[in-house]
Amino acid sequence: MPEPGIDADIRKARTLPSIYYTEPSEFERLKSVFKNWQFAAHNSELEATSLMPLDHFETITGDSVMLLRDQETRCLSNVCTHRGMRLALEPCNKKTLQCRYHGRTFNLDGTLRHMPEFEQVIGFPSEADNLQQYPLKRWMGMYFTAQEDVPDLPWKMLEKRLGFLEPETFRHDIGRNRDHTVDAHWLLYVDNYLEGFHIPYVHPELNQALDYSGYVTETFDGGVLQIGKAVEGDVKFELPPGHPDEGQDIAAYYLWLFPNMMFNFYPWGLSVNIVMPVSHKQCRILYRGYVGDAELASQGAGSVLDTVEDQDQWVIEEVQKGMTSSAYHRGRYSPTREQGVHHFHRMLSEFLETL
Ligand code: FES
Ligand SMILES: [Fe+2]
């Protein structure tokens with residue numbers, strides 16, 4: 001399979017060929033991009049619970065895992081080492097974990113505690129009877145996990161930009177949870193997220209709250225940061241002295257981390273979108289909201305989220321239909337407005353070459 005070959009020079013480059021959005025075999029091949037870091041949870045979600053299964057991680061990767069808060073927090077396999085039963089089916093506050101199938105129990109560090117009727121088993125228990133541990137990274141109050149050891153993301157660089165918001169102090173607001181099914185390839189959801197080019201055409205309400213002419217896109221290894229500027233008089237961040245964006249009126253930071261995680265920082269707090277692949281023509285989007293200052297939630301770019309989401313879903317579902325046309329193969333990029341999409345396609349194309 002010849003890879004898409006996205007030219008490094010955006011002025012010459014052509015977009016990702018439509019086959020990547022329409023072919024089931026390409027959808028399957030791309031699944032290994034999800035081996036990278038994945039958002040697990042925010043620390044406020046773990047306060048009232050010692051054990052939290054990560055259903056979205058299972059949907060994305062096929063691995064059932066859970067977060068466990070003991071003296072330290074770990075991410076462990078959620079699959080019983082006896083015959084494969086899933087262990088935690090909902091969040092709970094237990095101190096040990098008992099399998100509901102034949103009663104095997106585990107400690108919160110994943111070590112086997114007890115198994116009935118196994119006295120005669122030779123070489124039991126062994127290391128293989130403990131629950132497998134997954135990598136876990138804590139960043140600004142958020143946990144990330146992965147199926148295997150993967151390269152670090154530029155956590156420090158991003159923390160310098162966004163750390164002043166103190167996202168670790170935000171609280172999970174369950175009223176902001178959403179789970180939408182969209183009839184489009186997950187790539188289309190990401191493509192659409194990575195440009196503000198469509199804002200004046202697709203999002204009239206958001207366009208009122210953002211200064212489109214000041215919209216900035218910055219690309220870096222592992223992701224893209226888009227910066228939405230506030231219109232005069234609207235709610236904006238209080239940037240501390242010495243901040244890289246000091247002096248600017250910023251309404252929102254839109255951070256995307258490869259391949260499927262979106263962190264939208266607003267003066268009221270943080271909205272996280274996780275894109276989950278379902279098929280070559282369907283994805284699911286999981287939303288979580290973490291609030292810092294509830295009073296600001298009704299103002300500015302962060303106040304019209306559900307409306308903006310409906311508009312985005314409408315447009316990408318229409319694009320999915322367009323992708324199947326024999327008359328469309330691939331397009332070109334705007335060098336001033338589509339640097340984020342170009343960067344994403346370059347990353348994908350490099351990734352595909354490694355397969
Ligand atoms: S599958 Fe868990 S004890 Fe049998
Ligand atoms: Fe949009």
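Predicted model: local features only at pLDDT ≥ 70, side-chain atom pairs only at ≥ 80, totals over all residues.
Guide: Residues are numbered from 1 along each chain as its sequence is written, and chains are lettered from A and ligands numbered from 1 in the order in which they are written.

Visitor: Why is Thr73 called buried?

Guide: Buried means under 20% relative accessible area, exposed over 50%, and partly exposed in between, with a 1.4 Å probe and protein chains only. Thr73 has a relative accessible area of 17%, so Thr73 is buried. Thr73 belongs to strand S4 (residues 73-77), where a strand is a DSSP run of E with at least two residues, a helix is a run of H or I with at least four, and both are numbered from the N terminus.

Visitor: What is Thr73 in contact with, leaving aside its neighbours within four places in sequence?

Guide: With those neighbours left aside, Thr73 is in contact (heavy atoms within 4.5 Å) with Leu46, Leu68, Leu136 and Tyr143.

Visitor: How do you know that Ser64 counts as buried?

Guide: Its relative accessibility is 5%, and therefore Ser64 counts as buried. Ser64 lies in the loop between helix H3 (55-61) and strand S3 (65-69), and its contacts beyond four places in sequence include Ser77, Asn78 and Arg86.

Visitor: What makes helix H8 close to its expected reach?

Guide: The expected span is 1.5 Å times one less than the number of residues. Helix H8 (residues 305-323) has 19 residues, and its reach from first C-alpha to last is 27 Å, close to the 27 Å expected. Among the buried residues of H8 are Val308, Val315, Ile316 and Met323.

Visitor: What makes the meeting of Glu47 and Arg171 a salt bridge?

Guide: A salt bridge is a side-chain nitrogen of Lys or Arg within 4 Å of a carboxyl oxygen of Asp or Glu. The side chains of Glu47 and Arg171 meet at 2.6 Å, N to O, and the count between domain 1 and domain 2 is 1 salt bridge. Domain 1 (1-32 + 171-355) and domain 2 (37-149) come from the domain assignment, which is an automatic or database one.

Definitions and conventions
Heavy atoms only, no water.
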